[in-house]
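Here is a short briefing to read beside the model. Keep the sequence and the 3D view open together.

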Amino acid sequence: MIEYRRDRLFVEGFPADRLVERFGTPLYAYSTRAVLEAYGRVRAAFSRPGTMVCYALKANPNAGVCRLLARQGAGAEVVSGGELRRALAAGFPPEKIVFSGVGKTEEELRLAVRSGILAVNLESEAELDLLDDAARSLGRRAGFSVRLNPDVDAGTHEHVTTGTAAAKFGVERPRALAMYLKAARSRRLSSQGIHCHIGSQVTSVAPYRKACAAVVSFVGDLERRGVRLGFIDLGGGMGVSYGFGKGLDLPALASALSKELSSWPDKRLIVEPGRCLVAGAGVLLTTVLFRKKTTKKDFIVTDAGMTELLRPALYGAKHPILPARRRKGGASVVDVVGPVCETADHLGRGVKLGPCKQGDVLAVLMAGAYGFSMSSQYNSRPRPAEVLVDGNRAWISRQRETYRDIIRGEV
Ligand code: LLP
């Protein structure tokens with residue numbers, strides 16, 4: 001969906017350089033078909049009957065992207081009141097929404113209860129009490145699951161490993177058991193399922209299998225004590241290829257999980273993919289402001305940087321960087337850096353790039369997940385515009401911010 005035709009990069013039927021003429025840079029462009037295809041791949045892989053795919057909005061909460069997935073029948077995984085509101089506005093039905101997060105506020109829990117979502121994924125006993133209070137004061141029942149910490153190392157970047165005992169996430173088994181038993185005494189709380197999420201950009205099946213085995217054995221404990229659950233939610237984290245290395249083999253994951261879950265055929269499986277649904281659908285387009293050579297380096301200074309795409313600066317992530325128009329000539333090794341006043345500010349280091357000069361447009365690929373959603377206004381930079389592309393049509397999904405947006409609310 002994002003590929004060269006001759007020497008011109010296209011997003012579906014739209015040339016990247018024409019997107020830039022129309023909408024300027026920095027610009028996020030998303031291929032709607034790529035999102036739909038990725039969703040189709042996930043659905044096809046998880047063929048276990050009743051499996052629910054809850055899109056993790058944090059990867060890309062753009063309203064247009066969310067509406068696309070909601071229309072396909074996806075559910076949603078949210079981690080804040082803001083994401084919950086976005087999910088409802090995009091048309092995800094409440095009974096397909098799960099709410100994770102280690103620090104939900106009373107206000108957020110009340111919103112969850114009022115909206116009638118499927119489950120709040122609880123992270124502590126204190127949160128269980130708060131949810132109980134919220135449900136009582138609203139005169140409603142609240143569905144919940146406990147996020148189990150399975151003490152499994154997903155083998156990913158330390159910033160995004162969440163399933164080890166040292167992580168802030170989840171609840172250890174004895175405490176989780178105590179929470180389910182306590183909740184069983186409340187008339188307001190209804191145990192819907194169990195939750196677990198081991199990390200992000202996971203590229204092998206083994207840690208999922210381990211986590212799933214831990215969950216399955218815990219579910220056995222619960223059922224023996226009379227706690228019945230409707231779903232087993234194994235979270236997201238399915239890794240993708242960023243052009244180097246392999247992504248997670250989804251069919252292999254799905255069949256491994258189905259096997260692990262075979263003792264519980266009545267339990268519904270939930271998965272919460274974010275990245276693998278949207279990463280490949282997005283490209284960040286940026287203009288070359290300067291080419292700056294020093295005795296040590298050849299820098300390409302672009303109008304996008306860590307404020308638009310934080311992943312390289314924060315995780316040392318590597319994204320493919322390509323010219324919107326390929327020109328003939330020798331390649332050189334460059335550092336593509338942004339204009340932000342931080343040495344960490346870069347889009348790519350040691351990038352092999354063909355001829356490139358001031359005014360050229362570069363495309364940072366695989367930027368559809370955790371791109372715009374992690375963008376900031378640091379250095380008082382307005383956030384970029386986002387456009388959706390379908391065939392040869394492209395439209396603004398989110399306006400570029402202006403100086404007024406930056407100072408809004410200041411007195
Ligand atoms: N469910 C839960 C409870 C999560 O915490 C996450 C991601 C997901 C699902 C979706 O994971 P995914 O399928 O997208 O890997 N900013 C980082 C990734 C942080 C992921 C946080 N949690 C990055 O840019 O790599």
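Is E123 buried or exposed? E123 is buried, since its relative accessible area is 6%; buried means under 20%, exposed over 50% and partly exposed in between, with a 1.4 Å probe and protein chains only. This is a predicted model, in which local features need pLDDT of at least 70 and side-chain atom pairs count only at pLDDT 80 or more, while totals for chains, interfaces and linings use all residues. Residues are numbered from 1 along each chain as its sequence is written, and side-chain values use heavy atoms, with hydrogens and water left out.

**Around E123**

- E123 sits in the loop between β8 (119-122) and α6 (125-138). Helices (H or I, at least four residues) and strands (E, at least two) are DSSP runs, numbered from the N terminus.
- Setting aside neighbours within four places in sequence, E123 is in contact with G101, V102, K104, R147, K168, F169, G170 and V171. Contact means heavy atoms within 4.5 Å.
- The E123 side chain makes a polar contact with the side chain of R147, at 3.1 Å. A polar contact is a pair of N or O atoms within 3.5 Å; within protein, one must be able to donate a hydrogen and the other to accept it, and residues adjacent in sequence count only if both atoms are side-chain atoms.
- The side chain of E123 also reaches the backbone nitrogen of G170, at 2.6 Å.

- D129 belongs to helix α6.
- D129 is partly exposed, because its relative accessible area is 30%.
- Its side chain makes a polar contact with the side chain of K182, at 2.9 Å.
- D129 and D390 are 261 residues apart along the chain, and their C-alpha atoms are separated by 47 Å.

- D17 is part of helix α1 (residues 16-23).
- D17 counts as buried because its relative accessibility is 12%.
- Not counting residues up to four places away in sequence, D17 touches R8, A324 and R325.
- With R8, the contact is polar: the two side chains meet at 3.3 Å.
- The C-alpha atoms of D17 and R383 are separated by 20 Å, although the two residues are 366 residues apart along the chain.
- R5 lies in strand β1 (residues 2-5).
- R5 is partly exposed, because its relative accessible area is 39%.
- Apart from neighbours within four places in sequence, R5 contacts F10, E12 and G13.
- A polar atom of the R5 side chain lies 2.9 Å from the backbone oxygen of E12.
- From C-alpha to C-alpha, R5 and A38 are 22 Å apart in space; in sequence they are 33 residues apart.

**Helix α8**

- Buried residues in α8 include Y208, A211, C212, V215, V216, F218, V219 and L222.
- An α-helix has 3.6 residues a turn, so residues three or four places apart point the same way.
- The buried residues of α8 pack against α7 (173-184), β10 (189-195), β11 (231-233) and α9 (250-260).
- G226 follows α8 and has a positive phi, near 90°.

- The largest pocket holds about 980 Å³ of space. On a 1 Å grid over the protein atoms alone, a cavity is a set of points where a 1.4 Å probe fits but cannot get out, and a pocket is an open set with protein on both sides within 12 Å along at least five of seven lines; lining residues have an atom within 4 Å of a point. Grid points are joined across faces, edges and corners, and a volume is the space filled by probe spheres set on the points.
- The largest pocket is lined by 46 residues, and K58, V160, S200, R275 and Y370 are the closest to its centre.
- Its lining has 16 nonpolar, 19 polar and 11 charged residues. Ala, Val, Leu, Ile, Met, Phe, Trp, Tyr, Cys and Pro count as nonpolar, Asp, Glu, Lys and Arg as charged, and the others, Gly among them, as polar.
- The second largest pocket has a volume of about 320 Å³. Of its 19 lining residues, A38, R41, V240, C276 and G280 are the closest to the centre.
- Helix α2 gives the largest share of the second largest pocket's lining, five residues.
- By class, that lining has 13 nonpolar, three polar and three charged residues.
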